[in-house]
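This briefing is meant for a reader who is meeting the structure for the first time. Please keep the sequence and the model in view while reading.

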Amino acid sequence: MSDDFLSKSVMELYAHAARNGEQVCVPDGYDMEFLATYIPQSVLQIAMGCGVPVGLGTVRLGETILDVGSGGGIDCFEASRLTGKDGLVIGVDMTDEMLEIARNSAATVATNLGYPQSNVEFRKGRAEKLPVDDQTIDLIISNCVINLAQDKQRVFQEMYRALKIGGRFTISDVVADTSVPNYLLNDQERWGACLSGAMYTRDYLRTIRGTGFVGVHQIGVAPWGMIDGVHFSALTVTGYKVAVPPSKPSNEEQFSGYAVLKGPFKWVIDEYDQTFVRGLWRSIDQKTLDLLHLDPFRPWFLFSKDVVSGKMLNDDDPELLRIIPEDKPCVWQGHFATMTSLFERAEDDDHHQFESGVPIEICSKTNAVLATPQYASFFHILNRSQQSVSGEAVSCSPNGECC
Ligand SMILES: C[S@@+](CC[C@H](N)C(=O)[O-])C[C@H]1O[C@@H](n2cnc3c(N)ncnc32)[C@H](O)[C@@H]1O
């Protein structure tokens with residue numbers, strides 16, 4: 001499908017939905033009863049997100065927030081409440097009918113929130129060419145929109161351009177557990193319904209990181225649908241735009257201290273392609289120090305200015321995190337684990353090597369390990385079996401290795 005044809009058919013679908021007060025998909029996770037206390041019904045009835053990117057403690061007071069593909073404006077109005085009257089919210093959408101409903105509701109929302117005037121502005125535009133100036137946005141949100149765009153890389157590049165250094169995004173979007181086949185990619189109806197435009201999770205995370213974002217990690221995931229064995233999930237991810245370091249700093253400029261991985265993984269490779277082995281101190285440069293000080297990394301690392309590179313933490317150091325699987329038989333039940341957070345590659349204590357966004361099959365024992373609080377935030381666990389599984393338990397290797 002050509003870009004123009006696709007964009008026109010998506011626009012027509014959402015214009016029709018806006019005119020008729022219909023939902024192409026039903027959002028999950030909102031407290032609609034609460035939102036109805038200040039947001040008009042005309043907006044709520046055309047909410048079509050696949051997550052709650054604006055919730056989850058995402059928005060801070062006084063920020064400038066951009067909502068890519070704002071639709072009827074539900075997330076913009078919730079962002080308006082959360083950022084307070086001194087913040088600014090910009091909603092961008094390509095469909096006139098959506099923009100009209102959103103704009104017509106802005107004054108009512110402001111009155112209901114007790115603001116002297118609305119702090120929400122709706123602009124017509126495309127996600128691929130955002131109508132905002134460079135480096136003016138603190139936080140970008142987007143809810144079930146990027147999968148609809150043909151050129152997703154361009155959308156992420158635009159988001160990167162619009163964000164200030166230190167800015168971040170939190171987006172909910174539909175992804176798939178494999179590459180979507182051509183016959184679905186060309187299915188206009190399913191593309192419009194936020195299904196077949198979904199990218200393989202591996203490629204989605206790669207595209208985001210390839211744009212320059214770091215600290216990319218999952219903050220929520222839910223099943224979205226399944227067609228012909230392709231599983232679609234609604235993924236909410238956050239990532240950061242950090243200062244780009246000079247291309248060739250001297251060794252002295254580079255060195256900034258030492259860091260050690262506490263666990264739970266045995267080793268990880270970070271987004272700058274550096275390996276951290278659990279318990280082994282290594283020197284890091286300023287950009288790595290900045291990266292590892294971001295909130296989602298901090299629980300997994302220790303920092304020091306004056307240890308010796310190569311020094312190991314004692315095996316019984318209470319800071320070390322290890323989740324050893326139980327030494328007992330396990331069962332294959334159809335579970336697959338996809339690592340969706342922070343690292344490019346990692347290995348657990350049972351010889352499983354994970355690559356960002358790639359599902360690997362796991363048995364019941366590993367499923368229990370990855371469900372522990374220490375591991376859970378790194379993974380999306382999906383059961384791909386379509387019928388009940390009646391497999392026998394299989395024995396693992398005697399030294400605790402998985403089957
Ligand atoms: C599934 S709806 C989600 C709307 C809103 N985010 C919500 O949660 O209710 C998708 C919206 O994205 C808009 N949209 C789709 N592709 C777009 C693009 N490339 N650029 C700008 N808006 C787009 C559509 O007009 C529609 O309003």
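The model shown here is a predicted one.

**Helix α5**
- Helix α5 covers residues 96–113, and because its 18 residues at 1.5 Å each should span 26 Å, the 26 Å separation of its end C-alpha atoms agrees with expectation.
- An α-helix has 3.6 residues a turn, so residues three or four places apart point the same way.
- Just after α5 comes G114, which adopts a positive phi of about 75 degrees.

**Helices α6 and α9**
- The axes of α6 (residues 152–162) and α9 (residues 201–211) come within 9 Å and cross at roughly 40 degrees, and the two helices are therefore oblique to each other.
- The crossing of α6 and α9 is right-handed, and the residues that meet there are K152, Q153, F156, Q157 and Y160 from α6 with T207, I208 and T211 from α9.

**Glycine G91**
- G91 lies in strand β2, which comprises residues 88–93, and G91 counts as buried because it has 30 C-beta neighbours inside 10 Å, where 20 or more are required.
- P223 is 132 residues from G91 along the chain, and their C-alpha atoms are separated by 27 Å.

Definitions and conventions. Residues numbered from 1 in each chain as written. Predicted model: local features only at pLDDT ≥ 70, side-chain atom pairs only at ≥ 80, totals over all residues. Helix = DSSP H or I, 4+ residues; strand = E, 2+ residues; numbered from the N terminus. Expected span 1.5 Å × (residues − 1). Axes fitted to C-alpha atoms, helices over the stretch in contact; angles between N-to-C directions. Parallel < 35°, antiparallel > 145°, perpendicular 65-115°, else oblique. Left-handed = near helix turned anticlockwise from the far one by under 90°. Contact = placed C-beta atoms within 7 Å. Buried ≥ 20, exposed ≤ 12 C-beta atoms within 10 Å, placed from the backbone.
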